[in-house]
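Trainee: Could you walk me through this one? I'd like to go through it piece by piece.

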Amino acid sequence: MLNGLVKWARGKSPWVCHLNCGSCNGCDIEIIAALMPRFDLERLGVLLEGTPRHADVLMATGPVTRQIRDRVVRVYDQVPDPKFVVAVGTCGVSGAPFYPGYNVLGGVDAAIPVDMYVPGCPARPDAIAYGVLRLLATLDPDAQALVEEIEANHDTEGLIYTPEQMAAQREGTEATLGESPARNNDAAEA
Amino acid sequence: MTAPELVEYIQSHYDGELTEAEAPLAHDCWVGVPREDVQKMAQFIVDEWGPVHLSTITGNDRGGHIDVIYHFVADGVSLNLRVGVDKAIDEIDTITPVVPAAIMYEREITDMFGVIIVGHPDPRRLVLPEDWPEGDYPLRKDDTGDEEGEENNG
Amino acid sequence: MAKLSFPIGPQHPALKEPENLRFSVDGELVVDADIRIGYVHRSIERSCSERNFVQDVYLCERVCGICSNAHTQAFCLAVEQIAEFEIPERAQWIRMLMHEFERIHSHLLWLGVAGHEVGFESLFMYVWRDREVIQDILEMVSGNRGHYAMTILGGVRYDITDEMATKIREGVDFLRGRAEYYADIATSEQTFLDRVEGVGGLSTELAHELGACGPVQRASNVAYDVRRAFPYLQYEKVDFPIRTSELCDVLGRTLVRVQEVIDACDIITQCLDMMPEGDINARFPRRVPEGEATVRVEAQRGELIYYVRSNGTDVPERVKIRTPTLANLPASLEMLIGGQIADIPIAFASIDPCFSCTDRMVVLDDVNSGDTETMTWPELVKLSRNR
């Protein structure tokens with residue numbers, strides 16, 4: 001009963017905590033823009049939360065720098081289970097173009113596990129909204145219906161990547177690029 | 001004052017050795033002094049045109065020596081003061097007592113190039129992550145720290 | 001009461017970016033402030049001297065997601081100065097347009113954040129709604145909402161068509177009206193004034209001494225604007241004042257920024273009027289002759305300086321970037337000392353800090369020394385329960 005309630009509340013109103021792992025600010029601004037009157041993620045119940053202890057979804061941006069890695073892991077540990085991590089922006093996806101700098105470790109998944117990748121430089125607010133919605137769809141049937149409606153009417157190809165798609169993508173890229181560390185993600189220009 | 005006039009003024013009024021003095025553009029000039037005279041020159045600039053704006057201090061590894069360039073704005077002219085620091089010596093006097101704005105830029109030079117700033121009021125280690133190895137300077141070309149970087153990226 | 005030292009950050013609701021501030025407080029008064037940054041250090045300067053000039057434009061753009069165009073602007077100007085390359089006149093005007101669009105977008109963003117920091121949430125929402133107008137213009141011109149990639153070596157990437165120009169004029173007229181409205185709010189709304197008047201003071205002498213720049217410096221009554229001091233592009237031909245304020249506090253900085261939004265709108269209109277027809281870019285050689293250049297531009301946050309040295313190949317020998325936030329940091333710590341704890345976020349935000357800019361290079365570490373006592377989290381909990 002309680003579990004059902006918690007799941008319902010999570011699906012209807014996920015609280016988001018924003019975490020900057022070394023980003024250039026571009027994606028951070030777009031996350032805020034997604035919550036502002038124009039795109040208004042709050043109408044879907046998404047609320048920006050200051051502390052990770054209250055959050056359900058961690059929105060992480062930027063390549064993970066050497067100095068912040070431990071802090072990222074610490075913040076991740078503070079988020080109560082079940083938790084989602086959304087890697088926002090191409091840097092958060094792979095660390096490019098700062099990878100392989102001496103102080104850059106790679107994408108967000110170099111430090112913590114990631115559930116959804118939203119590429120783009122910077123990631124667009126609509127892509128961020130769609131990524132969050134896709135995560136909610138796993139919890140909430142209403143969100144699932146919304147996702148189906150969006151997918152029927154819009155081209156969502158390449159807007160976001162699930163971890164499975166990401167793994168497949170990486171395999172492909174590494175095979176073609178060989179030694180080169182620069183991974184090019186065709187950003188979601190939708 | 002234009003840059004050529006400024007260079008001329010320095011040449012006629014500054015009583016030390018100049019290793020370089022030229023004005024390639026109307027608002028941009030380059031002046032060089034030996035390593036020992038950096039504080040004297042900074043004092044001269046402040047006395048003549050104060051309050052001056054120090055934009056930044058650039059370091060550049062030129063192989064045998066490290067160029068330390070102080071970018072001033074003096075009397076509406078961009079005045080770049082170049083000082084060569086031999087890698088065998090690796091030391092330069094601080095100008096922070098004369099130009100307080102230099103405090104952070106001088107720390108940056110120590111961190112990125114390993115040039116010791118003699119007499120700096122606050123010479124603690126300040127650059128890079130806590131676990132960055134001692135004696136490894138990212139922008140110094142003979143000591144690139146590549147191995148360390150590889151290890152961490154792997 | 002004994003002096004207490006406490007840290008804020010790196011992850012903290014009052015901060016938008018990771019940085020670690022340490023304060024020594026005596027009751028509610030801040031007696032000492034230190035900062036540790038470097039959480040966003042991405043090794044850009046070294047990467048720049050490992051990639052070629054064309055790739056560096058891409059990389060420099062990503063130094064910062066807010067003032068990205070100012071960075072490419074400065075880098076391209078520096079490289080073009082070394083190569084003694086003159087870009088087409090129309091390209092210069094378009095670069096100026098982008099420069100001013102970005103100033104509007106950044107200042108509005110800052111105004112919203114300032115509203116948020118003083119608890120004026122409706123200002124935050126209103127400003128960010130209006131900011132979407134300029135975002136739409138940027139997207140229309142360049143195709144992206146951030147990292148516009150407009151400035152390339154040898155000119156700009158896209159042209160401004162007549163249709164775009166009409167839309168830009170409409171948008172700018174709307175924004176001018178809104179900016180005037182915000183200027184009115186900032187000077188008449190008592191709840192806002194109570195939080196910003198006399199907060200975060202920085203005297204003219206200190207601003208000079210600590211090398212502050214941009215709106216922070218101008219709000220301390222120092223009339224220095226790179227667009228006037230070292231005119232680049234076509235800034236000599238347009239008419240705009242250097243906005244200064246004698247207030248030397250957060251209110252002064254707010255007013256300077258809002259006034260600059262209005263000025264930027266005027267500059268944009270002048271640019272559209274004066275822009276000649278012609279090419280928008282010219283072929284830039286792959287190899288850049290040996291030489292060096294120091295270029296300053298007036299980014300939104302203040303003076304941005306690039307030093308580029310080329311050794312005759314297609315890879316620069318050294319690219320040095322000094323961003324405005326680093327220059328303003330010593331001043332910002334000075335503003336916090338002597339203030340209230342509750343004023344820390346707004347006083348600190350008043351320099352419009354941008355650590356993604358600053359951290360590519362420098363870390364400041366200042367561990368509290370002397371007679372202060374460090375408390376661990378459990379100790380603090382115990383203390384609070386005992387009270």
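Trainee: In what order do the five strands of the open sheet in chain B come?

Mentor: This is a predicted model, where local features need pLDDT of at least 70, side-chain atom pairs count only at pLDDT 80 or more, and totals for chains, interfaces and linings use all residues. Residues are numbered from 1 along each chain as its sequence is written, with chains lettered from A and ligands numbered from 1 in the order in which they are written. Strands here are DSSP runs of E, at least two residues, and helices are runs of H or I, at least four residues, numbered from the N terminus; two strands pair if DSSP finds at least two bridges between them. The pairing in this chain B sheet is mixed, and the order is 1-2-5-4-3.

Trainee: Which strands of chain B are the edge strands?

Mentor: Look for strands that pair on one side only. In chain B those are strand 1 (20-25) and strand 3 (53-61).

Trainee: How many bridges join strand 3 of chain B to strand 4 of chain B?

Mentor: Strand 4 of chain B covers residues 65-74, and the two strands run antiparallel. The number of bridges joining the two strands is eight.

Trainee: Is B:Val68 buried or exposed?

Mentor: B:Val68 lies in strand 4 of chain B. Leaving aside neighbours within four places in sequence, its contacts (C-beta atoms, placed from the backbone, within 7 Å) include B:Ile57, B:Val83 and B:Ile109. A residue is buried if 20 or more other C-beta atoms lie within 10 Å of its own, exposed if 12 or fewer, and partly exposed in between. B:Val68 has 23 within 10 Å, so call it buried.

Trainee: Which element of chain A gives the most to the side that touches chain C?

Mentor: There, 32 residues of chain A are in contact with 31 residues of chain C. Strand 1 (15-20), helix 2 (26-35) and helix 3 (69-78) of chain A each supply at least two residues of that side. With six residues, the one giving the most is helix 2 of chain A.

Trainee: And in chain C, at what angle do helix 3 and helix 4 pack?

Mentor: Helix 3 of chain C is residues 68-82 and helix 4 of chain C is residues 89-117, with their axes 9 Å apart. Axes are lines fitted to C-alpha atoms, for helices over the stretch in contact, and angles run from 0 to 180 degrees between N-to-C directions. Among the residues making the contact are C:Gln73 and C:Met98. The angle is about 145 degrees.

How values were computed. Contact = placed C-beta atoms within 7 Å.
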